[in-house]
Amino acid sequence: MSNLFNRRGVYYLRYKSGGEWHKVSLKTGEKDVAEKLKAKFDHDNLMHELVGKKHPINFTAAMKRYFENHTLGLGEKTLKSYIGNSRNLVAFFGTVDLGDINKDLITQFTVERVEEDGVSHATVNRDLSLLSRLFHLARDEWGVIDSFPKIKKFSEKKFERVRWLKDFEVEKLLDELPDKVRDFMFVAFNTGGRKSELFNLKWSDIDFDTGYIYFNETKNDLRRGIPINQPLRELLYRLRQEAVDERVFCTMNTVWFYESFRAACDRAGIKNFRIHDARHTFASKLVQQGVTIQVVQKLLGHKAIKMTMRYAHLSNKSLEDAIKVLDKPKEMVSSNVTNVKFIADLVKNDVPVEVIKQLVNM
């Protein structure tokens, strides 16, 4: 049973779990609301104590039990993140009994997340952290399993692989894809959109008048707009005429989509390429064409530029431009009069401020 108490106008629950006392905020100052939450908490935990040890529990039911009884007090952002992780896990483990999940199944889950879903090692590790939490609760508090397999997480390196295709490889792949998958990948190659962003893309997110696609449902909740180039505009016009749903890509079976993509890669002779790598291809091509890292960051929707810096090695233009200024005659910068045009050229070529200051002071 739990104890209810009020502190500074907010009600809390104090309860014992795993031999230790814990407290959690109910985030309400209304006593009747707090008492109802306490009653639900006590009832659910009593029921689990009475019947939880007598019957096996499948993964989906275990995850539901976790959210009903162990997420009180979590912040909104954390809870949203956990819900996302749980969806990934439930989609794979589903009705498998918690006690039947072994090391091989977990390995298969991680492989599919990386190779088919195209997510980073860090993202998979967040899923595995929730899985580990669930296992510990099931063994130590619910008593529905006696043991669970050791969960090995990925090493999170500072920068992960960047796999991208050259123009002729993109054409080879597109030629081998079925029409619907080809259209999807063409949009991916020309916008850098994530797979989830493209599947969630609606016609209302596309403004043909201004020439922008807007991704509203993004990984980091940052809305971003991508200019529409002419080839993409022509494709979107055609798809709009054929549209049968609010979503741009709505009629593809997921299994068929992945199988078609992998088969096309095999026929085109393209190895170790994921759907997510279309995003890398988009960014890599921009950098190689001289687009600054800051602009690429905005187009990809990265909050931190360190994520975009993984593409910086593909272009040495800024370094070369910085060194070239050393060839300029010393007389171009007078000790009394600053050559404005010279400095403007340096800024235009993205020469670092520190280098410009050194040149001006020469």
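## About the model

This is a predicted model, in which local features need pLDDT of at least 70 and side-chain atom pairs count only at pLDDT 80 or more, while totals for chains, interfaces and linings use all residues. Residues are numbered from 1 along each chain as its sequence is written, and side-chain values use heavy atoms, with hydrogens and water left out.

## The chain as a whole

Let us begin with the overall picture. The chain has 16 helices and six strands; helices (H or I, at least four residues) and strands (E, at least two) are DSSP runs, numbered from the N terminus. There are 362 residues, and 38% of them count as buried. Here buried means under 20% relative accessible area, exposed means over 50%, and partly exposed lies in between, with a 1.4 Å probe and protein chains only.

The chain exposes about 21,600 Å², and 51% of this comes from carbon and sulfur atoms. Such areas come from the Shrake-Rupley method with a 1.4 Å probe, and for residues only the protein chains shown count as cover. Turning to contacts (heavy atoms within 4.5 Å), 58% of those with a separation of 6 or more join residues 24 or more positions apart.

In soluble globular proteins, nonpolar side chains tend to be buried together. A nonpolar core is a set of buried Ala, Val, Leu, Ile, Met, Phe, Trp, Tyr and Cys residues joined through side-chain atoms within 4.5 Å. The largest one in this model has 47 residues, and Leu173, Met185, Phe189 and Ile206 have the most contacts inside it. At least two residues each come from α6 (167–176), α7 (179–191), β5 (212–215), α9 (230–242), α10 (254–268), α11 (277–288) and α12 (293–300). Helix α7 gives the largest share of this core, with seven residues.

What does Met185 touch, leaving aside its neighbours within four places in sequence? Its contacts are Leu174, Leu177, Phe261, Ile275 and Ala278. Another core lies apart from the largest one; this other core has 25 residues, including Val124, Leu131, Ala138 and Ile145.

## A closer look at helix α3

Helix α3 covers residues 76–93, 18 residues in total, and reaches 25 Å from its first C-alpha to its last. That is close to the 26 Å expected at 1.5 Å a residue, where the expected span is 1.5 Å times one less than the number of residues.

Which residues of α3 are buried? They are Asn85, Ser86, Leu89 and Phe93. These residues lie on the same side of α3 because they cover an arc of only 105 degrees around the axis; the arc is that of the directions from the helix axis to the C-beta atoms. Their cover includes α2 (59–69), α4 (103–115) and α5 (121–140). On the other side of α3, Glu76, Lys77, Lys80, Arg87 and Ala91 are exposed. After α3 comes Gly94, with a positive phi near 50 degrees.

Asp183 sits in helix α7 and is buried, with a relative accessible area of 7%. Not counting residues up to four places away in sequence, Asp183 touches Leu235, Arg238, Leu239 and Phe249. Gln297, in helix α12, is also buried, at 16% relative accessible area. With residues up to four places away in sequence again not counted, Gln297 touches His302, Lys303, Ala304, Ile305 and Thr308.

How many disulfides does a search of the whole structure find? It finds zero, a disulfide being a pair of cysteine sulfur atoms within 2.5 Å. Cys265 is buried, with a relative accessible area of 5%, whereas Cys250 is partly exposed at 23%.

## Two positive phi values in loops

Most residues other than glycine have a negative phi, and most peptide bonds are trans. Lys27, which is not a glycine, has a positive phi near 55 degrees. Its place is the loop between β3 (20–25) and α1 (31–51), and Lys27 is exposed at 54% relative accessibility.

Asn272 has a positive phi of about 55 degrees and is not a glycine. Asn272 is found in the loop between α10 and α11, and it counts as exposed at 56% relative accessibility.
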